[in-house]
Amino acid sequence: MIEEKIFLVNNVLTDRLNKTIMGLLCIQENWLIAKDFGDQIINLEENTTVGMTLRTLQENKISNNTNFNVLNTYALVIAELVCKTLDIKYRNPQRFYWNYYKPGERGQYHEDLQGSPNKNLISILYALNTTDGYVEFEKDGRYPDVSGQAKVFRCTQKHRGVGPVKDKVRFNLNIVLEL
């Protein structure tokens with residue numbers, strides 16, 4: 001069971017597979033400006049956007065876009081490997097959000113699936129590439145992007161994604177699982 005701490009799992013997939021996934025992400029046409037919560041898409045305090053997202057599974061419903069089948073397969077494999085490593089038993093994946101940040105983009109602190117009546121949820125943030133971007137937890141500080149690394153935590157832990165400074169792009173996957 002995941003307590004109120006962050007677990008790290010390294011080398012979930014190889015760099016070669018991560019690059020293959022990033023190549024698939026680059027040819028997708030369904031990217032949206034991310035919404036960390038509510039309808040706010042611009043960080044008004046910092047005058048920046050909060051990055052882009054590609055939603056391939058939402059509320060346990062698979063998109064009818066057949067181009068997402070391969071991405072969802074990769075997401076499910078990542079979830080399985082991470083959960084096996086940490087001995088986590090889960091019932092259903094609730095969402096797969098692929099995130100894309102450019103330099104200067106910064107999300108706002110939020111909980112994944114905020115407002116959900118189901119509090120038995122965990123998040124997996126999976127880094128597809130090593131960058132100088134990071135995920136920042138409101139209580140636990142910054143965790144840098146390391147290619148192939150998953151950060152696992154309760155969905156109720158407030159966090160935000162922060163885009164790179166020197167690197168050109170930051171890709172990661174947000175998986176939410178029902179326990």
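Begin by selecting Cys155, which counts as buried because its relative accessibility is 4%, where buried means under 20% relative accessible area, exposed means over 50% and partly exposed lies in between, with a 1.4 Å probe and protein chains only. Before going on, keep in mind that this is a predicted model, in which local features need pLDDT of at least 70, side-chain atom pairs count only at pLDDT 80 or more, and totals for chains, interfaces and linings use all residues. Residues are numbered from 1 along each chain as its sequence is written, and side-chain values use heavy atoms, with hydrogens and water left out.

Which cysteine sulfur is closest to that of Cys83? It belongs to Cys155, and because the sulfur atoms are 12 Å apart, they are too far for a bond, a disulfide being a pair of cysteine sulfur atoms within 2.5 Å. By this rule the count of disulfides is 0.

On a 1 Å grid over the protein atoms alone, a cavity is a set of points where a 1.4 Å probe fits but cannot get out, and lining residues have an atom within 4 Å of a point. Grid points are joined across faces, edges and corners, and a volume is the space filled by probe spheres set on the points. A search of the whole structure finds 2 cavities of 30 Å³ or more.

The largest cavity, with a volume of about 50 Å³, has a lining that includes Cys155, Thr156, Glu111, Asp112 and Lys119. Its lining residues divide into 3 nonpolar, 5 polar and 3 charged, where Ala, Val, Leu, Ile, Met, Phe, Trp, Tyr, Cys and Pro count as nonpolar, Asp, Glu, Lys and Arg as charged, and the others, Gly among them, as polar.

Now select Leu125, Tyr126, Ala127, Val135, Asp145, Lys151, Arg170 and Asn172, which line the second largest cavity, with a volume of about 40 Å³. Strand E8 (121-127) gives the most to this lining, with 3 residues; strands (E, at least two residues) and helices (H or I, at least four) are DSSP runs, numbered from the N terminus.

Finally, select Thr56, which is found in strand E5 (residues 52-58) and is buried, with a relative accessible area of 1%. Show Trp98 as well, since the side chains of Thr56 and Trp98 make a polar contact (3.2 Å), meaning a pair of N or O atoms within 3.5 Å, of which, within protein, one must be able to donate a hydrogen and the other to accept it, while residues adjacent in sequence count only if both atoms are side-chain atoms.

Notes
On a 1 Å grid over the protein atoms alone, a cavity is a set of points where a 1.4 Å probe fits but cannot get out, and a pocket is an open set with protein on both sides within 12 Å along at least five of seven lines; lining residues have an atom within 4 Å of a point.
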